[in-house]
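Here are a few friendly notes to read alongside the structure. Take them one at a time, and look for each place in the model as you go.

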Amino acid sequence: APYDSCRLASINLFEFVKNPFTKEARFDFQDYYESVYKGILFMDNIIDCEVNILLQMINKTDDEFAKKLWQSVYQIAKKGRRIGLGFTALGDCLAAMNINFKDSSEFMKAAMRVKMSAELDASIDLGIIKGPFHDFDISKEFIMTGLDIKGANKFYDFLLEEYPDAVNRMIKYNARRNVSTSTVAPSGSLSILASKIGTTSGIEPLFKALYIRRRKVNPSEPYDFKDPNTGEVFQEYFVAHGGLKEFCRIALNKDFESLSKEDQYACFKMSPYYMNQAEDIDWQDRLKIQSIIQKYTSSAISTTINLPSTIGKDVVKNIYINA
């Protein structure tokens, strides 16, 4: 909303796979639920930090324009207490459990149902303890006629159908702490930094397991490639995905870095990442997975569908229409 802050965080799905890249691999749903629950508590505290800083800024400034601006930001933060807890490393999580991206529907349904359950539980508990967001009005979400309850729109009908206990608690205590709790952000830089190995980002499958990346440098520095059109120069370096290295270490008992380029590629062909890169996954399968995730997300999803450069306009049109 206008004047609202972008309060985002991401849960690393790969961290919840026990015994990754083995036949005993499984997803720890209990640990996952608890981490998502704590994530909502953490992010709600971020709002309190934000509004406290805003009050300090409002009280210190003599600039009327700045004061009015910060007051607007302060008011919208209090009105909705909007947060966006998402996830990253979906591609690595699926690979670690040997699930093809296009075959992940059932797992995604289970994971997203648990995620939203934890988010609702945490936000309702916070609402009971600390009070709901300023503009909370249960009558705008659920219509109550006698003992009958109906959602005010399709989203609240969905909550009533899949999370009746949470809805009943919201109504009983007239409380939820946050107007919105979840999103799926791109998580690009965050995923490079995630854990010790870096992860796939957000909702995306692995872009490339092995590739050459270019980094722009100054003309005075050594370079490997010069753009014939712009004259800009770049150093090239080889990138191997961290999850692939983990597969090589765990499943094949080999040190990826010590292998020849040929053996590294052979390792990739043996891995669950093979034929599960962005270029291998049809856009219909991408949308199918996205639709499952969106159903259990209270805000928007950021995603990239990778297409060949020869793609026709009608295909792009169909992607938008189907989405």
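This is a predicted model: local features need pLDDT of at least 70, side-chain atom pairs count only at pLDDT 80 or more; totals for chains, interfaces and linings use all residues.

1. Helices and strands here are DSSP runs, numbered from the N terminus; a helix has at least four residues and a strand at least two.

2. The protein has 11 helices and nine strands. Its C-alpha atoms fill a box of roughly 70 × 55 × 45 Å along the principal axes. Of the 323 residues in the protein, 43% are buried.

3. Back to Y3: is this residue buried or exposed, or partly exposed? Its relative accessible area is 47%. Partly exposed covers the range between under 20% (buried) and over 50% (exposed), so Y3 counts as partly exposed. Together with F65 and L69, Y3 makes a nonpolar surface patch of about 350 Å².

4. Now find helix 1 (residues 29-60) and helix 2 (residues 64-80). How do they run relative to each other? Their axes come within 9 Å and cross at roughly 155 degrees. Angles over 145 degrees count as roughly antiparallel, and helix 1 and helix 2 are therefore roughly antiparallel to each other. The crossing of these two helices is left-handed.

5. Last, look at F238, which lies in strand 9 (residues 233-240). F238 has a relative accessibility of 34% and so counts as partly exposed. Follow the chain between F238 and Y211 and you will count 27 residues of separation in sequence, yet their C-alpha atoms are 6.0 Å apart in space.

Terms used
Residues are numbered from 1 along each chain as its sequence is written. Side-chain values use heavy atoms; hydrogens and water are left out. Patches are made of residues with over 30% relative accessible area and no salt bridge: like charges are joined within 9 Å, nonpolar side chains (Val, Leu, Ile, Met, Phe, Trp, Tyr) within 5 Å. Accessible areas come from the Shrake-Rupley method with a 1.4 Å probe; for residues, only the protein chains shown count as cover. A salt bridge is a side-chain nitrogen of Lys or Arg within 4 Å of a carboxyl oxygen of Asp or Glu. Buried means under 20% relative accessible area, exposed over 50%, partly exposed in between (1.4 Å probe, protein chains only). Axes are lines fitted to C-alpha atoms, for helices over the stretch in contact, and angles run from 0 to 180 degrees between N-to-C directions. Angles under 35 degrees count as roughly parallel, over 145 as roughly antiparallel, 65 to 115 as roughly perpendicular and the rest as oblique. A crossing is left-handed if the near helix is turned anticlockwise from the far one by less than a right angle, and right-handed if clockwise.
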